[in-house]
Amino acid sequence: MEKENMQQSTFLFGKRNYIIMIVGLIFITLGFIFMSGGGSNNPEVFNNEIYNWQRIRLAPTLVIIGLGIEIYAILANPKK
């Protein structure tokens, strides 16, 4: 009898929206992985690896694309 009185909970978004959100999170995670590392523990040693193309171009691009995908997943065809 209690089960009949309980309302069925509904999700705000559809399955498609959640899949798109996961793809966006993957892009953001990859961007932050490419940004990490490359430093030196010795302050007197300069490490040129900090200025490679992955940290300057690829990583920020992946994070921005991931944020765009997240915004699209939120705004795209929300479940009514």
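Predicted model: local features only at pLDDT ≥ 70, side-chain atom pairs only at ≥ 80, totals over all residues.
Residues are numbered from 1 along each chain as its sequence is written, and side-chain values use heavy atoms, with hydrogens and water left out. Local features need pLDDT of at least 70 and side-chain atom pairs count only at pLDDT 80 or more, while totals for chains, interfaces and linings use all residues.

Helix 2 has 21 residues and reaches 31 Å from its first C-alpha to its last, close to the 30 Å expected at 1.5 Å a residue (1.5 Å times one less than the number of residues). Helices here are DSSP runs of H or I with at least four residues, numbered from the N terminus. The buried residues of helix 2 are Asn17, Ile20, Met21, Gly24, Ile28 and Gly31, where buried means under 20% relative accessible area, exposed over 50% and partly exposed in between (1.4 Å probe, protein chains only). Viewed down the helix axis, these buried residues fall within an arc of 105°, so they line one face of helix 2; the arc is that of the directions from the axis to the C-beta atoms.

On the face turned away from this buried side sit the exposed residues Lys15, Ile22 and Ile33. Ile19, also in helix 2, is partly exposed, with a relative accessible area of 47%. Its C-alpha atom is separated by 8.4 Å from that of Ala73, 54 residues apart along the chain.

Arg55 belongs to helix 3 (residues 53-75) and counts as buried at 14% relative accessibility. A polar atom of the Arg55 side chain lies 3.3 Å from the backbone oxygen of Met35.

Note on methods: Helix = DSSP H or I, 4+ residues; strand = E, 2+ residues; numbered from the N terminus. Polar contact = N/O pair within 3.5 Å; in protein donor to acceptor, adjacent residues only side chain to side chain.
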